[in-house]
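Subject: Structure handover

Hello,

Here is the structure for your files. My notes on what was found in it follow below.

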Amino acid sequence: MKDKRYRKFYLCSLAAIVAVSAYPIYMGIVAVVETLQNGAIPLERYPKYIIPYTPISIALILGVLLLPLFQKPGKKQNFIYGAAFSVGIFFIFERLMETGIYVQTEELVPLEGWQMSLCVVPPRQYETRTWEAVDVLLGEYSPAFKLHFYMISIILILSLLNSFYGFARMIRSGDYTRKKVLTLQTITALAFLGMCIWACFTAFYRGGELTISVLSALLMSVFFVLLGVTAGVFTGSFTLGKSKKEAVLLPAIVSSLTTLLMYTGEMILLSGNLYRFGTGFLFDGLGGIVLAPTDLAIIVFSGMITALLCNTVNGKRNTT
């Protein structure tokens, strides 16, 4: 009976990830075919955000496809092998697309350079806005901007794979101890993925200026917090039932550090600046650092939410 449920879960999981990944895979194929035929993708036919979502999709599909191979009965560390394999696949395909595909604007731009501009201005605004402000923000191209770009991708891959592998192992072993935390991981991962897709097509309504609208500020704040929470819950899924320091405090620290790294990536992208949600003490950098009180509050809030969630799923387990 367990084997039958396991096979059913595996097939349904594979079908689900293929269905969800269909559009990113299609976009990647379009980009490759266009490049092979014409040497570059014309700006007007650019399929939005093929990186990192086409490589992420390929990595997840292969990771789930090979789940039975990595998840052998009696092996406790099966997730590590699946995760390492999928992350490796992501970087291989990501790098191939970054360097092998070009976008035709006024000049040929490699995809990794084009992606840097999209982090500031969404594709639909590329031809309509005044570029001086964006050029000031971006400065010279630097591959260091991909710090947060890769971090987001890895967290998406690890958190989603953790759900697939975790539930599969739970079905096979009959041990439902991690059910609540894996359900929470699935919710946070899907919510964060939804925010990523939203950002893909809107860049959260930014126009290239440092001071952004209230709506943009709110969505960016939610995005940053959700990123940290997803990473924190991922950590908490492996420290379940341990002491409070390990089960609650450690995931909270990981969450806040992840959010801080996201800010670091944004700072690199914007040549030492950060987006500002307004003017005044709450929104200006403190002393010699770029972070403002509102930024620090978001970092701390991410950890607090993670601590609350991990404490809830641990229940009375973590009493020391």
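Is Phe-301 buried, partly exposed or exposed? With a relative accessible area of 43%, Phe-301 is partly exposed, because buried means under 20% relative accessible area, exposed means over 50%, and partly exposed is in between (1.4 Å probe, protein chains only). Phe-301 is placed in helix α11, residues 293–314.

Before the rest, some ground rules. This is a predicted model, in which local features need pLDDT of at least 70 and side-chain atom pairs count only at pLDDT 80 or more, while totals for chains, interfaces and linings use all residues. Residues are numbered from 1 along each chain as its sequence is written, and side-chain values use heavy atoms, with hydrogens and water left out.

Overall layout

The protein has 11 helices and 3 strands; these are DSSP runs numbered from the N terminus, with helices being H or I of at least four residues and strands being E of at least two. From the N terminus, the order of elements is α-β-α-α-α-β-β-α-α-α-α-α-α-α. Of the 320 residues, 53% count as buried. Accessible surface comes to about 15100 Å², and 68% of this belongs to carbon and sulfur atoms; areas come from the Shrake-Rupley method with a 1.4 Å probe, and for residues only the protein chains shown count as cover. Among contacts (heavy atoms within 4.5 Å) between residues at least 6 apart in sequence, 74% join residues at least 24 apart.

The sheet

The 3 strands make an open sheet with mixed pairing, in the order β1-β2-β3; two strands pair if DSSP finds at least two bridges between them. At the edges are β1 (41–42) and β3 (108–110), each of which pairs on one side only. Strand β2 (residues 102–104) runs antiparallel to β3 and is joined to it by 3 bridges. Tyr-102 stands opposite Pro-110 in β3.

The core

A nonpolar core is a set of buried Ala, Val, Leu, Ile, Met, Phe, Trp, Tyr and Cys residues joined through side-chain atoms within 4.5 Å. The largest one has 78 residues, and those touching the most other members include Ile-152, Phe-192 and Phe-223. Helix α7 (residues 146–173) gives the most to this core, with 16 residues. Apart from neighbours within four places in sequence, Ile-152 is in contact with Phe-192, Cys-196, Phe-223, Leu-227 and Met-262.

The surface patch

Tyr-23, Tyr-26, Ile-197 and Phe-201 form a nonpolar patch on the surface, with about 420 Å² of accessible area together. Patches are made of residues with over 30% relative accessible area and no salt bridge, with like charges joined within 9 Å and nonpolar side chains (Val, Leu, Ile, Met, Phe, Trp, Tyr) within 5 Å. A salt bridge is a side-chain nitrogen of Lys or Arg within 4 Å of a carboxyl oxygen of Asp or Glu. Helices α1 (2–38) and α8 (179–202) each supply at least two of the patch residues. Phe-201 lies in α8 and counts as partly exposed, at 36% relative accessibility.

Two single sites

The peptide bond from Ile-51 to Pro-52 is cis, with omega near 10 degrees. Most peptide bonds are trans. Pro-52 is found in helix α2, residues 50–65.

Thr-235, in helix α9 (residues 214–236), is buried at a relative accessible area of 16%. Beyond its neighbours within four places in sequence, Thr-235 is in contact with Leu-250, Pro-251 and Val-254.

Regards
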